[in-house]
Amino acid sequence: MFGKLFGRDAERPEANPYALPVPRRQKNGMYPLRALGDTRVLALVEAADAGDWEAVKAALVPFDLGRDHAVLGELAELDGLQDWIGRAVDEDKEHRATALLISGARHISWGWEARTSARAVDVTQEQWRIFHERLEIAEEQLLEAAELRPDWVTPWRRLLTSGRGMSLGPAVNETRRDAALRRDPLDPGTHIEWVSQLQPRWGGEPGQALTFAREAFAGAPDGHRLGCVVAMAHIEEWVESDQKNCLVTPETQDELLDAAERSILHPAYVRSPGWQEDFNIFAMALSLASESIALPRVFHALEGAFTPWPWKYMAQPEKMYARARRNA
């Protein structure tokens, strides 16, 4: 039935042997994704949560932390990791670059936790002090990690975030963007980070991010995750706009449909750990645009899996996800 309704691309992919069992869904049919939906990532997070550096290194073996933004992100958001990762930096010379990368990424997230998401005028002097103190540590550690491992992309993407937070200016951030893209010209994480950088609230010009996203995706092969950058550029456009229906235009609907079909809905798309976030990005963008062709297919593939990003741009993320899913 669903094959007829959604087309061949809706056929289930081969079973993932590392997929976490789907937990009992909430009444609205959704569930928050845990550990990228992957048993190996869960083992990594649990090892880090226990402060077991040897177990963390063992759990990292299947992953390339120098290129996998999603896996690094799971560690960066782990409360308490900052309490012990410094020992690994100081004591494990062989794996110093990995420890520096993890610690630097964590200090950025930890810094933003101190700053909070409040408007700049509402952030206290003490919050600013802690924010900058933690970002300065992150900068130092990530730059050293990048020096130790010149092939890595993830330090440069994270340095874009810290550079924006510390207001280091366009020249510094453009240099860091270029450093990341030299290592991987199609890296979605770097492109999405730059889409944020180009927003008017960070000094960009209206329409600049969307132009950047379109040009980037135009050079990507079919099935590439870079289509998410176009979706994120539209979401950011909505965040900046005073009009809640600004994306509800035939042109935007057509562009998002094309981007979805050329990326996440294409047969060549690879469902790596955390693929559900790619689909959540499109789910939010397509929903904001009131698109009706790709949106049901995206929610069908998700089977209720919810990721905070990018729904956190909304006041009630889970409620808005459930509403969009229900209306798809």
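1. A word on terms before we start: a helix axis here is a line fitted to C-alpha atoms over the stretch in contact, and angles between N-to-C directions run from 0 to 180 degrees. Please keep in mind as you read that this is a predicted model. With that in hand, have a look at helix α13 (residues 250–262) and helix α14 (residues 275–288), whose axes come within 10 Å and cross at roughly 160°. Angles over 145 degrees count as roughly antiparallel, so α13 is roughly antiparallel to α14. The crossing of this pair is left-handed.

2. Which residues make the contact between α13 and α14? On the α13 side they are Leu-256, Leu-257, Ala-259 and Ala-260, and α14 brings Phe-282, Ala-285 and Leu-286. By class, the α13–α14 contact has 7 nonpolar residues, with no polar and no charged ones.

3. From α11, the contact uses Ala-209, Leu-210, Ala-213, Arg-214 and Phe-217. From α12, the partners are Gly-227, Val-229, Val-230, Ala-233, His-234 and Glu-237.

4. Arg-201 pairs with Glu-236, and their closest N and O atoms are 2.6 Å apart. This pair links distant parts of the chain: Arg-201 sits in the loop between α10 (188–197) and α11 (208–218), Glu-236 lies in helix α12 (residues 227–240), and 35 residues separate the two.

5. On salt bridges in general, the structure holds 20 of them.

6. In one, the side chains of Arg-40 and Asp-38 meet at 2.9 Å, N to O. Arg-40 is partly exposed, with a relative accessible area of 23%, whereas Asp-38 counts as buried at 1%. In the other, Arg-106 bridges to Glu-113, with the closest N and O atoms 3.0 Å apart. There Arg-106 is buried, at 0% relative accessibility, and Glu-113 is partly exposed, at 40%.

7. Do stop at Arg-115 too, in helix α6 (residues 96–115). The relative accessible area of Arg-115 is 11%, and because buried means under 20%, this arginine counts as buried. What does Arg-115 touch, leaving aside residues up to four places away in sequence? Its contacts are Ala-120, Val-123, Gln-127, Trp-128 and Phe-131.

8. Finally, helix α4 (residues 69–76) is mostly covered, with 6 of its 8 residues buried. The buried ones are His-69, Val-71, Leu-72, Gly-73, Leu-75 and Ala-76. Which helices do they pack against? The buried residues of α4 pack against α2 (39–49), α6, α8 (154–165) and α10.

How values were computed: Residues numbered from 1 in each chain as written. Predicted model: local features only at pLDDT ≥ 70, side-chain atom pairs only at ≥ 80, totals over all residues. Heavy atoms only, no water. Helix = DSSP H or I, 4+ residues; strand = E, 2+ residues; numbered from the N terminus. Parallel < 35°, antiparallel > 145°, perpendicular 65-115°, else oblique. Left-handed = near helix turned anticlockwise from the far one by under 90°. Contact = heavy atoms within 4.5 Å. Nonpolar A, V, L, I, M, F, W, Y, C, P; charged D, E, K, R; others polar. Salt bridge = Lys/Arg side-chain N within 4 Å of Asp/Glu carboxyl O. Buried < 20%, exposed > 50% of the residue type's maximum accessible area, 1.4 Å probe, protein only.
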